Amino acid sequence: MSSDYRSIFRGGAAHPLSGATVLQIAPDLEDNALARATIEIAAALTRIGAQPLVAASGGALVSELQARGGLFTPFPADAANPLSMAINVRRLKRMIRAERVDLVHARVRAAAWPAYGATRLTRTPFVTSYLSAYARGGPLALRYSSVMARGDAIILPSNEAARELARLHPAAAGKAHVVPGGVDARVFSPRAVAPHRVQAVRRLWDAPADARIALAPAPGLTVAKRALEAFRRLADAPDAGLAGTRLVIAVDDATQVKAFEAAITAAGLGQVARAAPLGDDRPAALLAASCVALAAPEADLLGAFALEAQAMGAAVVAVAAGAAGERLLAPPDVEPERRTGWRVEGEDPEAFAAALREALALGASARDRLSLRARAHVEAEYSMERLWSLTLDAYASALALHVAARSPAR
């Protein structure tokens, strides 16, 4: 991380990207984590005097992008068939030349293939975003994902993802930049959330007013089943102290609620668990939760929840592998009294259940102390300014690599 990142964004230092035009390519600008990350980096580029462009299919956040200094250009970034990709190579080549783009960042695979072709034709620095999930699957899936290892700089959300990149693509390891995410501590703050917002979330979840909530974000049914298996083990233990506790499986897609409810019934947890949309108010949802369970080993998807939950003071239990586990302080890395959450090794539902039991059993004073530690940890290590700085450092690295390659040998 740049040691002077605060002064860079407060006008106290110049940045190598000042004056550069940077194109980010994202699937869309709907209200989702990827779109918001794209807008945050556009805002950071604006603050250092760079010109941010975003190519995407459009969405509800286009106006927010523009308000924060970014320029939007329509582009079918999610087109994944070979013919569409070939057409997109030509589109991007024209765009790069017309807008005098100095660097391209492709955030998804469907956009990365044409971006790779266009940047090689125009000799433009190319940056990609690599997830742990890209290291899994059969030969065809791995081939499709391999473009994300071809960046001049490769941005990864966790050290776990960096290890997977090095395992599959050893030549790319030296271009890896771990950018573990950031959280806006002004938005994700218990003081910023009025009680009526929490009450609205609890009504959405149909949760009794006095119930403790264990919240399990589930980007897919497999993740939900892991959380249910751990919770079932608690429910089967008469001394688990679960009286008055409800498990909410937070569903990304409201159309999948029935499938998740069927999994709850199959687990025998119909009386104490339910599936429901997370809702549009994530800060309030996390404040409503006594505990947040991140039960996916492929936890790059849940890394943002680990940060946001800590910022809101919720106790977090996460599988150790991936971004979510890395963003917690927990034994053996720190003493128990310094923990900000629980990390569970492997995929052992018994161990996950034991960690959930500890988190839910916290008394008021212990919970208060954990909440203060967790928020301080996020503010110190995962500020938005740090996210901006690490990402822009990766961009500058890619730009410097191209400058060096074009310089005549001495």
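On this tour, two strands pair if DSSP finds at least two bridges between them. Helices (H or I, at least four residues) and strands (E, at least two) are DSSP runs, numbered from the N terminus. The model is predicted, so to speak of local features we need pLDDT of at least 70, and side-chain atom pairs count only at pLDDT 80 or more, while totals for chains, interfaces and linings use all residues. Residues are numbered from 1 along each chain as its sequence is written, and side-chain values use heavy atoms, with hydrogens and water left out.

**Stop 1: strand E1**

Please select residues 21-25, which form strand E1. It has 5 of its 5 residues buried, where buried means under 20% relative accessible area, exposed over 50% and partly exposed in between (1.4 Å probe, protein chains only). Thr21, Leu23 and Ile25 are on one side of E1, with Val22 and Gln24 on the other.

Leu23 has Val104 of E4 as its bridge partner. Right-handed means that, with the strands pointing away from the viewer, the path from the first strand over the helix to the second runs clockwise.

**Stop 2: a sheet of six strands**

In which order do the 6 strands of the open sheet stand? Color them as E10-E9-E8-E11-E12-E13, and note that the pairing is parallel. Strand E10 (273-277) and strand E13 (341-344) are at the edges with a single partner strand each, so one side of each has no neighbour in the sheet. From one strand to the next, the twist averages 20°; axes are lines fitted to C-alpha atoms, for helices over the stretch in contact, and angles run from 0 to 180 degrees between N-to-C directions.

Bring in helix H9 (residues 221-235), which packs on the sheet and touches strand E8 (212-218), strand E9 (245-251) and E10. Contact means heavy atoms within 4.5 Å. The direction of H9 makes about 170° with that of E9.

Stay with E9, where 6 of 7 residues are buried. E8 and E9 run parallel, joined by 7 bridges, and Ala216 has Ile249 in E9 as its bridge partner. E9 and E10 share 5 bridges, again parallel, with Val248 partnered by Arg274 in E10. Follow the chain from E9 through helix H10 (residues 257-266) to E10 to trace a right-handed β-α-β crossover.

**Stop 3: the nonpolar core**

Which residues have the most contacts inside the largest nonpolar core? Select Trp205, Leu215, Leu278, Leu286, Val292 and Leu294, from a core of 36 residues. Such a core is a set of buried Ala, Val, Leu, Ile, Met, Phe, Trp, Tyr and Cys residues joined through side-chain atoms within 4.5 Å. At least two residues come from each of several elements, including helix H8 (195-204) and helix H11 (282-288). Helix H12 gives the largest share, 5 residues.

Finally, center on Leu278: leaving aside neighbours within four places in sequence, its contacts include Leu204, Ala250 and Phe305.
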